[in-house]
Amino acid sequence: MKLIPYLMFRDGKCREAFAFYAHALGGEIVSTAIYGDMGPDIPEPMRPFIANIQLLAGGAMIMGADAMENPDGQATTSVNIEVDSIEDAERIFAAMSEGGEVRMPLAESQWALRFGMFDDRYGQPWMINLMKPAP
């Protein structure tokens, strides 16, 4: 299991910010997904924005996205728990979200075999992520 900072941008600046981080940290953006690729239910204004991005730098990873909720609000940071199996994803999601608020139920996504978001019972945002194998 890995704990990875996940930066949520509420002003549509995720792509710009991660290009800056890649340059400043000497890293590489290894994957990018936009909301428009996630299906027809995504509101038109959000379709060109980043749904998920990964940056590797010096053996470390940070991830991020443009937030769909409150796009004009402040940026936030979540902790992404990268797991090794579907079973781990389901177990950790159920345990950590108990008594909290599920924001996105655990399910397959464009980039992950399982992905879900929740605020724990203390109000802290978390994500569970089981990445799809690289092509």
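This is a predicted model: local features need pLDDT of at least 70, side-chain atom pairs count only at pLDDT 80 or more; totals for chains, interfaces and linings use all residues.
Biologist: Where is V30 found?

Modeller: V30 belongs to strand β2.

Biologist: And which residues does V30 touch, leaving aside those up to four places away in sequence?

Modeller: V30 touches Q54 and L56.

Biologist: How far apart are the C-alpha atoms of V30 and A134?

Modeller: They are separated by 9.8 Å, although V30 and A134 are 104 residues apart along the chain.

Biologist: Let us turn to helix α1. What span should its 12 residues have?

Modeller: Helix α1 covers residues 14–25, and at 1.5 Å a residue it should span 16 Å. The C-alpha atoms at its ends are 16 Å apart, which agrees.

Biologist: Which residues of α1 are buried?

Modeller: They are C14, A17, F18 and A22. Seen down the axis of α1, these buried residues fall within an arc of 135°, so they line one face of the helix.

Biologist: Why do residues three or four places apart point the same way in an α-helix?

Modeller: An α-helix has 3.6 residues a turn, so residues with that spacing point the same way.

Biologist: What covers the buried residues of α1?

Modeller: The cover includes strands β1 (2–9), β2 (28–34), β3 (50–57) and β4 (60–66).

Biologist: Which exposed residues does the face turned away from the buried side carry?

Modeller: That face of α1 carries E16, F20, H23 and A24.

Conventions: Residues are numbered from 1 along each chain as its sequence is written. Side-chain values use heavy atoms; hydrogens and water are left out. Helices (H or I, at least four residues) and strands (E, at least two) are DSSP runs, numbered from the N terminus. The expected span of a helix is 1.5 Å times one less than its number of residues. Buried means under 20% relative accessible area, exposed over 50%, partly exposed in between (1.4 Å probe, protein chains only). The arc is that of the directions from the helix axis to the C-beta atoms. Contact means heavy atoms within 4.5 Å.
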